Amino acid sequence: MKKRFVMMLTFALTMCMSVMADNDRVITFDQLPAQAQTLLKQHFADKVVMIVTVDYDDYTVMYQSGEKVEFDKKGNWKDIDCKRSAVPTALIPEQIKAHVKATFPGTTILKLDRDRRGYDIKLNNGLELEYNKKFQVVEIDD
């Protein structure tokens with residue numbers, strides 16, 4: 001059983017390494033900006049880190065359970081993709097939580113992405129919503 005797990009882990013790491021661009025380099029968790037480390041220790045403490053990479057000034061942390069979190073050079077999160085589990089609610093802006101709860105009851109947010117234009121989310125029912133900086137829905141995609 002252990003051999004199979006090690007083989008699967010080695011295969012996953014190999015695949016991740018081959019998929020990464022030439023500019024990515026593997027770093028240790030301790031080399032992340034302090035703000036990123038704090039967020040991950042608070043909200044993903046029960047997860048096992050698979051790989052941490054840096055591309056110029058952007059950081060990516062991937063977990064064995066499939067979650068992926070991306071940070072900017074200061075350690076501010078840019079993208080949280082939890083694949084099959086919910087994004088930690090403390091990281092979701094209150095306006096988005098309230099809108100999703102009222103409009104799509106019983107759903108969970110699997111992915112949360114923010115950029116200079118606003119936020120993009122993906123729900124467990126397959127819907128993707130885009131919010132502007134004022135937390136107004138500007139697009140719904142199914």
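# Close-up views of the predicted model

View 1. Ile121 is in contact with Ile96, Val100, Ile109, Lys111, Leu112, Leu127, Glu128, Leu129 and Tyr131, once its neighbours within four places in sequence are left aside. Contact means heavy atoms within 4.5 Å. This is a predicted model: local features need pLDDT of at least 70, side-chain atom pairs count only at pLDDT 80 or more, and totals for chains, interfaces and linings use all residues. Residues are numbered from 1 along each chain as its sequence is written, and side-chain values use heavy atoms, with hydrogens and water left out. Ile121 is also one of the residues with the most contacts inside the largest nonpolar core, together with Leu40, Phe44 and Phe71. That core has 30 residues. A nonpolar core is a set of buried Ala, Val, Leu, Ile, Met, Phe, Trp, Tyr and Cys residues joined through side-chain atoms within 4.5 Å. Buried means under 20% relative accessible area, exposed over 50%, and partly exposed in between (1.4 Å probe, protein chains only).

**View 2. The whole chain, for orientation.** The protein chain has 3 helices and 9 strands. Helices (H or I, at least four residues) and strands (E, at least two) are DSSP runs, numbered from the N terminus. Their order along the sequence is α-β-α-β-β-β-β-α-β-β-β-β. Of the 142 residues, 34% count as buried. The accessible surface comes to about 9100 Å², with 53% of it belonging to carbon and sulfur atoms. Accessible areas come from the Shrake-Rupley method with a 1.4 Å probe; for residues, only the protein chains shown count as cover. Among contacts with a separation of 6 or more, 36% join residues 24 or more positions apart.

View 3. Helix H2 spans residues 34-43, and its buried residues are Ala36, Gln37, Leu39 and Leu40. Seen down the axis of H2, these buried residues fall within an arc of 165 degrees, so they line one face of the helix. The arc is that of the directions from the helix axis to the C-beta atoms. Exposed residues Ala34, Lys41 and Gln42 sit on the face turned away from the buried side. The buried residues of H2 pack against strand E3 (58-63), strand E4 (68-71) and E5.

**View 4. Asp79, a buried charge in strand E5.** Asp79 belongs to strand E5, residues 77-81. Asp79 is buried yet has no salt bridge. A salt bridge is a side-chain nitrogen of Lys or Arg within 4 Å of a carboxyl oxygen of Asp or Glu. Which side chain of opposite charge is nearest to Asp79? Lys111, 4.2 Å away. Lys and Arg count as positive and Asp and Glu as negative; His and the chain ends are not counted. Not counting residues up to four places away in sequence, Asp79 touches Lys68, Val69, Glu70, Lys111, Leu112 and Asp113.

**View 5. Salt bridges.** The structure holds 7 salt bridges. Lys68 and Glu70 form one of them, at 3.4 Å from N to O. Lys68 is partly exposed, at 25% relative accessibility. Lys97 pairs with Glu94, the closest N and O atoms being 2.9 Å apart. Both lie in helix H3 (residues 94-103), 3 residues apart, about one turn of the helix. An α-helix has 3.6 residues a turn, so residues three or four places apart point the same way. Lys97 is partly exposed at 23%, while Glu94 is exposed at 55%. Arg117 and Asp115 meet at 3.0 Å, N to O. Salt bridges that share partners join Asp115, Arg117 and Glu130 into one network. Arg117 is partly exposed with a relative accessible area of 48%; Asp115 is partly exposed at 35%.

**View 6. Cys82 in the loop between E5 and H3.** Cys82 is buried, with a relative accessible area of 2%. Its C-alpha atom is separated by 4.3 Å from that of Glu67, 15 residues apart along the chain. Cys82 touches Phe44, Glu67, Val87, Pro88 and Leu110, not counting residues up to four places away in sequence.

**View 7. Positive phi at Lys83 and Phe135.** Most residues other than glycine have a negative phi. Lys83 has phi near 55 degrees. Lys83 lies in the loop between E5 and H3 and is partly exposed, at 41%. Phe135 has phi of about 65 degrees. Phe135 lies in the loop between strand E8 (128-132) and strand E9 (137-141). Phe135 is partly exposed, with a relative accessible area of 23%.
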